[in-house]
Amino acid sequence: MNGDQFTTERQTICTLPRGWNVTGLSLSTPLPSDNEPAWSKYLAAKLGGVAEYRTIDNSRCDVLTDDYAIEVEWVKKWKESIGQSLLYAELTGRRPKVILLLRGHDHERLYVDRCRMVCCRAGITLETVSTVDRSENPS
C-alpha cells in the first residue's frame with residue numbers, strides 16, 4: 001500500500017498518500033498542483049465521507065457522505081460535474097452535490113456563475129474550494 005489507511009470501525013474511508021499527516025481528522029491540505037483524486041480524498045476525510053465510492057454500476061462517486069453524493073471537479077470542467085452528481089445521487093439515494101476546485105483566476109467566476117445557475121435549476125448543492133492560500137499571494 002502507498003500510504004496509511006484512515007479507517008473507522010466499519011470501513012476504510014481512504015488511503016492517504018505518503019507524506020500526508022493525520023492527526024484525528026486533520027489532514028495536510030493538498031497543493032494547488034495536486035490532482036482531483038488527492039483533493040477528493042482530502043475532502044472526504046474532512047466531510048466524514050468515503051472517497052471514490054464504487055456504485056452499483058461500477059462508476060465512482062468522488063465523495064459519498066450520509067447525506068450527499070459529491071462530485072469534485074476543477075472549475076473549468078463544471079459541465080461534467082452536473083451529470084455526474086445527478087447520476088451518483090440516483091445510484092446512492094443521496095442528494096447531489098458539486099464541489100468546484102478553484103485556482104484563484106479571475107475567469108473562474110464565469111464558470112462558477114454558470115454552474116450555480118444550472119445547479120439551482122437542477123436542485124444540486126454547489127460549493128467551491130479555493131486551492132490556493134491567498135495569504136501567500138495577496139492580489
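The following legends describe close-up views of a predicted model.

The model is predicted: local features require pLDDT of at least 70 and side-chain atom pairs pLDDT 80 or more, whereas totals for chains, interfaces and linings use all residues. Residues are numbered from 1 along each chain as its sequence is written, and side-chain values use heavy atoms, with hydrogens and water left out.

**View A. An open sheet of five strands.** The strand order is S5-S6-S7-S8-S9, with mixed pairing (strands are DSSP E runs of at least two residues, helices H or I runs of at least four, numbered from the N terminus; two strands pair if DSSP finds at least two bridges between them). S5 (50-54) and S9 (125-130) each have a single partner strand, so one side of each edge strand lacks a neighbour in the sheet.

**View B. Pairing of S7 with S8.** Strands S7 (residues 68-74) and S8 (residues 95-102) pair in the parallel sense over seven bridges. Trp74 has Leu101 in S8 as its bridge partner.

**View C. Helix H3 on the sheet.** Helix H3 (residues 108-122) packs on the sheet and touches S8 and S9 (contact means heavy atoms within 4.5 Å). The direction of H3 makes about 175° with that of S8 (axes are lines fitted to C-alpha atoms, for helices over the stretch in contact, with angles from 0 to 180 degrees between N-to-C directions).

**View D. Surroundings of Ile70.** Leaving aside residues up to four places away in sequence, Ile70 touches Leu47, Cys61, Asp62, Val63, Thr65, Lys97 and Ile99.
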